[in-house]
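Please read the points with the model on screen.

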Amino acid sequence: MFDPTCATRKLLDRIGTKWTSMVVKVLAAAGELRFTELRGRIPGVSQKMLSTTLQNLVADGLVARRVEHTVPPRVFYRLTPLGDSLEVPLAALREWAERHMPEVDAARADVRRAAES
């Protein structure tokens, strides 16, 4: 993991953002969505951040982009089979977080309290 060419490090650099994991989760559950529908299902994401995240996911082959040539154009996003395979490990990470974040938060609070004493 310490080598910049390590596959794990490269993957974490690409998918290690909260927006990436949220996009994958939403698309895994919903299938194909328009940009505005996707944005509506991810609280707090800005239009620019979602656009950047989707561009990166498309470039990495995890998300497919489909354009209907209407006026205005309608743009749809869905997971590719590769992106769909990422949902399983991300779901495991979410499950770990839901189970253990209270412990992580408690440890951080203990350190903060000790620093204030």
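1. Basis. This is a predicted model, in which local features need pLDDT of at least 70 and side-chain atom pairs count only at pLDDT 80 or more, while totals for chains, interfaces and linings use all residues. Residues are numbered from 1 along each chain as its sequence is written, and side-chain values use heavy atoms, with hydrogens and water left out.

2. The sheet. Helices (H or I, at least four residues) and strands (E, at least two) are DSSP runs, numbered from the N terminus. Three strands form an open sheet in the order β1-β3-β2, and the pairing is antiparallel. Because β1 (33-34) and β2 (63-68) each have a single partner strand, they stand at the edges, and one side of each is left without a neighbour in the sheet.

3. The pairing of β1. Two strands count as paired if DSSP finds at least two bridges between them. β1 and β3 (residues 74-79) are joined by two bridges in the antiparallel sense. Leu33 stands opposite Tyr77 in β3.

4. The helix across the sheet. Helix α2 (residues 18-30) lies across β1, β2 and β3, and runs at about 95° to β3. Such angles run from 0 to 180 degrees between N-to-C directions, with axes fitted to C-alpha atoms, for helices over the stretch in contact (heavy atoms within 4.5 Å).

5. Salt bridges. Side chains of opposite charge can pair when their charged atoms come close. Here a salt bridge means a side-chain nitrogen of Lys or Arg within 4 Å of a carboxyl oxygen of Asp or Glu. The count by this rule is seven. One of them joins Arg14 and Asp60, at 3.3 Å from N to O. This pair links distant parts of the chain, 46 residues apart: Arg14 is in helix α1 (residues 7-15), and Asp60 is in the loop between α4 (47-59) and β2.

6. Exposure of that pair. Residues are called buried under 20% relative accessible area, exposed over 50% and partly exposed in between (1.4 Å probe, protein chains only). Arg14 is partly exposed at 48%, and Asp60 is partly exposed at 28%.

7. Arg66. Which residue forms a salt bridge with Arg66 at 2.7 Å? The partner is Glu32, with that distance taken between the closest N and O atoms. Glu32 lies in the loop between α2 and β1 and Arg66 in strand β2, so the pair ties together parts 34 residues apart in sequence. Glu32 is partly exposed at 32%, as is Arg66 at 34%. The charged end of Arg66 also sits over the ring of Phe76, 4.3 Å from its centre; the rule asks for NZ of Lys or CZ of Arg within 6 Å of the ring centre and within 35 degrees of the ring normal.

8. Arg113 and Asp110 form a salt bridge, with the closest N and O atoms 2.4 Å apart. Both residues lie in helix α5 (residues 81-116), three residues apart, or about one turn of the helix. Elsewhere, salt bridges that share partners join Glu32, Arg66, Glu68 and Arg74 into one network.

9. Thr20. Is Thr20 buried or exposed? At 5% relative accessibility, Thr20 counts as buried. Thr20 is in helix α2. Beyond its neighbours within four places in sequence, Thr20 is in contact with Arg14, Ile15, Thr53 and Leu57.
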